[in-house]
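Here is a friendly briefing to read alongside the model. Please have the sequence and the coordinates open as you go.

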Amino acid sequence: MFISHSTSADERTGRLLDALAEGLDEKKHEVLLDKRIKLPGRPWELKLARFLGECDAALVLVNKAALGSPWVRRETNILHWRKTLYPGMVLVTVLVDGVGAGELRKSDLRYLATDDVERMGPDTAVEVARLAGLFPRLRQAGEDGVGLWLENIGIVLREIKDQSVFARMARELDIPAEEHTALIPGFAPLLLASQMLDTHEVDHLLKAILVARMGGLERERVEDLARMILPVWVDRDDARRIVSDTDGTVRRVVVLTVDTPLIGHHYLARAFCVDTRSYYIAEADGRPPGDDDPEDHLLDQCERAVKYAIGLDADDELDGAEEPRGFGRLFLLLDATRCELAVVHRVLERLHGQVSWLSVLVIPGRDVDVRESWPGNPDEVLVLDPRFEAGHETLVTAVDRRVQDCVRPSGRRAW
């Protein structure tokens, strides 16, 4: 069990933290707590990073200090994401120090309000026993996307031999200078990986990748690093909703109101922690040539894409095809920027009549009011309206091309 907290300047909450840890000890849980490993000469930050990716359950102690703590935000971001991807994981948030639910919802930790939130009562002994009882005999959560993501980024970064490169990458990501001291030889890769999972500006991510390249990372590894960290610019809460909406519902159709399919790729990668065991993509678009019927053409494109992704031949029947086991969720990434939503709706109805398990991410363009113009039941779809301007899409595309030119120089000249 991992406990996230910010109690260094709050003695009262610190005493509560100790009591909770002891109560969980008595329940035979292995308590993972930073203050228990802060011993001279021991890499406690590295252990902390590993705990975040490996714990089977977590308790978050939210006092006034925690609301503004970047460490607590980073820890809970990883923990909550793991909870989203692995609903069986137990994550309990405890409000103390006069913090209310409304204050939590308005803070940087607002995503915790969607999980199990408890408030401390006046009797500490009774409350400690009650909270410890919320954690039954835990099953091991097993390897999940977040833990694997951390480890894979760390594996790539370990190829960098010059330790000064890590501090330069941290500066490009605007990681506070006081945290750079933890980037010590042998431990920097995993620590920097855990810091990379925060949302960062896409141009800062590009600069960090270029620093790694100039610092000696081989081209193939640069490509791996870019694939794993570029999607981190996507808002983490929007990404989580693709996996399951705030009410826990998994919706088969998600509409992302952007112009560029590349943005859809990044949203899916962010949602599933770049874990290709958890999802895969088939792509289609609706640009009928000549006088072809738009609906039939779009349906044909979608069917062909899905058939290819699940191993069928073009002449095979799609109707009733079974979902491949162990492949993760199949998303049909549908570029609908030149389609009417009425056509898209009818095609998806026909397609889901054949393969009901299919998930779809629709890219309709930025200027479409989906909530007003979607012809079906609005509860059928999850609409994501990103809070960035069209110019940001162009920037993301430019960053993607810049990385590709870095790893696979084409010799092309400017127009």
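With 16 residues at 1.5 Å a residue, H4 should span 22 Å, and the 23 Å between its end C-alpha atoms agrees with that; the expected span is 1.5 Å times one less than the number of residues. Helices (H or I, at least four residues) and strands (E, at least two) are DSSP runs, numbered from the N terminus. This is a predicted model, in which local features need pLDDT of at least 70 and side-chain atom pairs count only at pLDDT 80 or more, while totals for chains, interfaces and linings use all residues. Residues are numbered from 1 along each chain as its sequence is written, and side-chain values use heavy atoms, with hydrogens and water left out.

**Helix H4**
- At the start of H4, the backbone nitrogen of Trp 71 lies within 3.3 Å of a side-chain oxygen of Ser 69.
- The buried residues of H4 include Val 72, Arg 74, Glu 75, His 80, Trp 81 and Thr 84 (buried means under 20% relative accessible area, exposed over 50%, partly exposed in between, with a 1.4 Å probe and protein chains only).

**The largest pocket**
- The largest pocket holds about 480 Å³ of space, where a volume is the space filled by probe spheres set on grid points that are joined across faces, edges and corners.
- A pocket is an open set of points on a 1 Å grid over the protein atoms alone, where a 1.4 Å probe fits, with protein on both sides within 12 Å along at least five of seven lines; lining residues have an atom within 4 Å of a point.
- Its lining has 19 residues, and His 80, Thr 84, Thr 114, Asp 245 and Thr 246 lie nearest the centre.
- Helix H4 (70-85) and helix H12 (236-243) are the elements that give two or more residues to this lining, and H12 provides the largest share, 4 residues.
- By type, the lining divides into 11 charged (Asp, Glu, Lys and Arg), 6 polar (the others, Gly among them) and 2 nonpolar residues (Ala, Val, Leu, Ile, Met, Phe, Trp, Tyr, Cys and Pro).

**Two loop residues with positive phi**
- Asp 97, in the loop between strand E3 (90-95) and helix H5 (101-105), has phi near 60 degrees.
- Asp 97 counts as partly exposed because its relative accessibility is 39%.
- Cys 273, in the loop between helix H13 (261-271) and strand E6 (279-285), has phi near 55 degrees.
- Cys 273 counts as buried because its relative accessibility is 2%.

**The whole protein**
- The secondary structure comes to 17 helices and 9 strands.
- Of the 415 residues, 53% count as buried.

Methods: Polar contact = N/O pair within 3.5 Å; in protein donor to acceptor, adjacent residues only side chain to side chain.
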